[in-house]
2 protein chains.
Amino acid sequence: MRPIGVFDSGVGGLTVVKELVRQLPGEDIVYFGDTARVPYGIKSKETVIRFSIENILFLLRYNVKLICVACNTVSSFALPKIKNHFRVPIVGVISPGAREAVYATKNKRVGVIGTKGTIRSQAYEQEIKRLDPKVKVTAIACPLFVPFVEEGWLNQDVVSTVARRYLKPLKDSKVDTLILGCTHYPLLKSVIRDVMGGKVTLIDSAKQVAVEVNKILSDEGLLSNKARGRADFFVSDNPEWFKDLAGRFLGKPVKNVRKVNSV
Amino acid sequence: MRPIGVFDSGVGGLTVVKELVRQLPGEDIVYFGDTARVPYGIKSKETVIRFSIENILFLLRYNVKLICVACNTVSSFALPKIKNHFRVPIVGVISPGAREAVYATKNKRVGVIGTKGTIRSQAYEQEIKRLDPKVKVTAIACPLFVPFVEEGWLNQDVVSTVARRYLKPLKDSKVDTLILGCTHYPLLKSVIRDVMGGKVTLIDSAKQVAVEVNKILSDEGLLSNKARGRADFFVSDNPEWFKDLAGRFLGKPVKNVRKVNSV
């Protein structure tokens with residue numbers, strides 16, 4: 001009956017929580033959002049690794065049975081380095097998303113969008129190439145998408161204008177599959193779909209992560225047998241800001257958000 | 001011959017450094033940008049105060065003769081609380097900007113734009129009211145302006161579209177003076193001027209801060225008598241990112257950027 005731990009630099013990881021709750025409604029979840037140091041997407045590998053270890057140590061205090069890294073930047077930069085330091089299984093968002101994209105593409109052309117950090121890391125390219133060396137990957141950083149989501153501009157004209165500019169190289173390279181490589185981006189799905197056209201498959205890592213978590217817990221005999229789990233939310237700053245945004249990501253309001261002084 | 005210390009959450013404070021170098025070319029400058037925890041504008045008062053104290057303690061290691069808080073969020077949230085803790089004079093951006101706006105306005109209607117934190121703090125309103133209770137202040141948060149500047153989108157159509165939307169309440173309230181209450185905003189001056197019209201006076205705090213620093217150092221007999229000072233830059237993360245952006249803010253490239261492990 002131990003909880004699943006989930007962490008992110010801020011609020012974006014709640015798209016993963018939403019899927020975990022949908023696919024594994026009986027599980028308890030402890031979420032940590034590092035809102036005092038958000039965003040990670042512009043920070044260096046070394047710093048992201050340090051913050052991630054601190055976040056994992058925080059979650060371990062709650063005796064979590066599995067940790068979900070609900071952040072593409074952390075999964076890209078830090079996960080390969082730190083995964084083996086810990087006993088607890090740690091699931092990132094890169095492998096599940098890459099696997100699904102390789103499965104989905106028919107013309108072997110896959111696009112990836114994410115933060116500067118995620119794109120610079122080339123984590124998706126490397127994972128996709130490992131799975132199928134024939135797939136051609138086009139990866140583009142979209143730094144304004146996170147501010148748009150956090151500002152609540154999800155369907156405005158100006159977002160479409162920016163999306164058209166960012167996504168042009170992906171249209172030019174005729175990808176038939178696009179990985180939304182940042183936990184904020186599922187909220188811009190309708191704009192992205194309009195720009196890319198209905199024939200391009202959008203891969204939302206959150207869904208695949210929940211599938212992977214389900215598989216690991218089931219293999220290890222660790223699935224909860226409760227009917228309904230609870231979720232607790234911890235942030236390193238600004239619980240009010242987190243609460244305001246959380247509804248947008250989870251699709252329902254959150255109440256039990258606590259600020260913790262240090263990670 | 002002690003240096004002036006300057007700090008900001010990241011790169012924005014370089015607009016203040018630019019003015020210091022222009023108005024006080026003989027001064028040495030030690031700059032600290034807290035790029036591991038940038039941005040501050042969305043963070044809580046308590047957290048911004050904690051970070052600011054750490055930044056001041058870092059600068060004091062360099063025996064600075066004055067500290068310039070080149071960040072509106074810190075000046076709004078933290079400065080009133082921490083100013084009196086330290087012996088060294090600490091100059092923020094709020095009072096100089098507010099004073100200049102009160103001096104400039106003819107119709108007694110002043111606008112303020114800034115981050116969410118700065119606007120929520122009402123620091124400009126309070127300072128302006130203190131100087132002249134008859135001035136009517138309209139204050140608006142413009143959260144997308146910083147990401148636009150950091151993305152290098154300074155004159156794009158989409159920035160004008162967003163600016164027109166953000167600035168509409170200021171046009172409606174017929175301000176004749178507008179405080180650019182964030183150190184990033186001077187880079188968007190031409191877009192903001194286009195939207196507001198040529199008759200509105202734009203107040204760039206950086207200039208006023210340098211005037212204030214000059215006055216304090218001169219009153220205390222602490223002005224440098226060198227012909228040309230040097231500037232050293234420290235950041236808590238990502239010196240490369242800082243260097244890339246610094247040119248845009250300073251108008252010339254910076255070389256001596258060092259990463260410091262902790263503040």
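Trainee: At about what angle does helix 9 of chain B run to strand 6 of chain B?

Mentor: The model is predicted: local features need pLDDT of at least 70, side-chain atom pairs count only at pLDDT 80 or more, and totals for chains, interfaces and linings use all residues. Residues are numbered from 1 along each chain as its sequence is written, while chains are lettered from A and ligands numbered from 1 in the order in which they are written. Helices (H or I, at least four residues) and strands (E, at least two) are DSSP runs numbered from the N terminus, and angles run from 0 to 180 degrees between N-to-C directions of axes fitted to C-alpha atoms, for helices over the stretch in contact (C-beta atoms, placed from the backbone, within 7 Å). Helix 9 (residues 157–172) lies across strand 5, strand 6 and strand 7 of chain B, and its angle to strand 6 is about 170 degrees.

Trainee: Which strands of chain B stand at the edges of the sheet?

Mentor: Strands pair if DSSP finds at least two bridges between them. The open sheet has four strands in parallel pairing, in the order 6-5-7-8. Each edge strand has a single partner, so one side of it is left without a neighbour in the sheet; these are strand 6 (136–141) and strand 8 (201–204).

Trainee: What is the bridge partner of T177(B) in strand 8 of chain B?

Mentor: Strand 7 (residues 177–180) of chain B pairs with strand 8 in the parallel sense over four bridges. For T177(B), the partner in strand 8 is T201(B).

Trainee: Which helix supplies the largest share of the side of chain A that touches chain B?

Mentor: The contact takes 16 residues from each of chain A and chain B. On chain A, helix 8 (145–151) and helix 9 (157–172) each supply at least two residues. The largest share, three residues, comes from helix 9 of chain A.

Conventions. Two residues are in contact if their C-beta atoms, placed from the backbone, lie within 7 Å.
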